[in-house]
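Here are a few notes to go with the model, written as numbered points. Have the structure open as you read.

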Amino acid sequence: MLLTLIGAIVIGVSLGLLGSGGSILTVPLLTYVVERPPKVAIAESLLIVGGIALAGVWRQQRAGLVAWQKVVSFGLPSMVGTYLGAQLSQYFSGLAQLVLFAIIMLLASRFMLKPVNVAASNDVSLAKLVPAAVVVGMIAGLVGVGGGFLIVPALLALGGVSMRQAVGTSLAIIVMQSVVGFGKYLYLFSQLGELPFDFQLITLMVVIGAAGSLFGAKLGGRLPQQQLKKGFGVMLIVMGSFIFLSSLHTLYFVEVSV
């Protein structure tokens with residue numbers, strides 16, 4: 001339980017600092033520490049990260065760092081994508097979703113390690129922003145990743161916002177994705193006659209993570225964002241490699257036993 005609480009704090013701090021990293025940390029924590037089934041962990045991570053992000057939005061809004069126009073233009077298409085991704089999840093096993101999750105983590109490390117050019121406001125194009133939002137949403141729905149590590153670079157490159165605005169705006173979009181994604185997973189499980197979610201654990205992690213998020217937001221204005229992103233990118237490579245190899249190992253022995 002101690003590791004779970006520490007993990008919840010780290011998840012919250014990551015969201016507060018970078019507007020991303022929540023689900024990338026939550027899914028492995030639920031899968032390998034709490035030992036939740038992969039598909040359940042992916043669904044629960046959406047609700048946990050959404051709840052933590054909601055607390056972060058409150059603070060970022062007070063600081064005037066949420067670009068609500070971008071929340072609407074990016075968030076609504078991403079909700080559609082999240083619904084579609086969650087719908088597709090029923091055709092994948094939990095282990096297959098973990099493999100995809102690990103691959104996305106490894107790809108995401110590129111966004112963290114490589115600086116993103118900030119677009120000027122007059123370069124903002126809905127024709128580019130909307131498709132990007134749908135793709136990010138589909139990834140969120142399929143593998144439970146809130147998408148902050150993709151949302152922030154997309155907003156910087158296509159949305160014409162500053163880094164600090166991208167962080168606050170990303171949190172609001174993550175909330176929107178999480179509501180739709182978890183709602184769809186809840187429906188899919190109910191259709192199977194199951195309700196496997198541990199809402200007591202979810203609530204505890206949201207409360208602890210929300211406190212971490214507020215702390216992370218305070219630190220965000222004092223610490224160098226590019227160095228933080230690079231450090232997080234290295235962590236993505238390490239964790240993504242571990243999950244990928246571990247999932248492939250499990251898949252191999254499942255096939256052999258069959």
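1. A word on terms first: buried means under 20% relative accessible area, exposed over 50%, and partly exposed in between (1.4 Å probe, protein chains only). This is a predicted model, in which local features need pLDDT of at least 70, side-chain atom pairs count only at pLDDT 80 or more, and totals for chains, interfaces and linings use all residues. Residues are numbered from 1 along each chain as its sequence is written, and side-chain values use heavy atoms, leaving out hydrogens and water.

2. What does buried Lys184 have as its nearest side chain of opposite charge? That is Glu194, 15 Å away, and Lys184 has no salt bridge (a side-chain nitrogen of Lys or Arg within 4 Å of a carboxyl oxygen of Asp or Glu). For charge, Lys and Arg count as positive and Asp and Glu as negative, while His and the chain ends are not counted.

3. Lys184 sits in helix α8 (residues 163-191); helices are DSSP runs of H or I, at least four residues, numbered from the N terminus. Setting aside neighbours within four places in sequence, Lys184 is in contact with Tyr83, Ala86 and Gln87 (heavy atoms within 4.5 Å).

4. Which salt bridge does turn up? The search of the whole structure finds one: Arg36 pairs with Glu44, with the closest N and O atoms 2.7 Å apart. Both partners are buried, Arg36 at a relative accessible area of 18% and Glu44 at 0%.

Notes:
Helix = DSSP H or I, 4+ residues; strand = E, 2+ residues; numbered from the N terminus.
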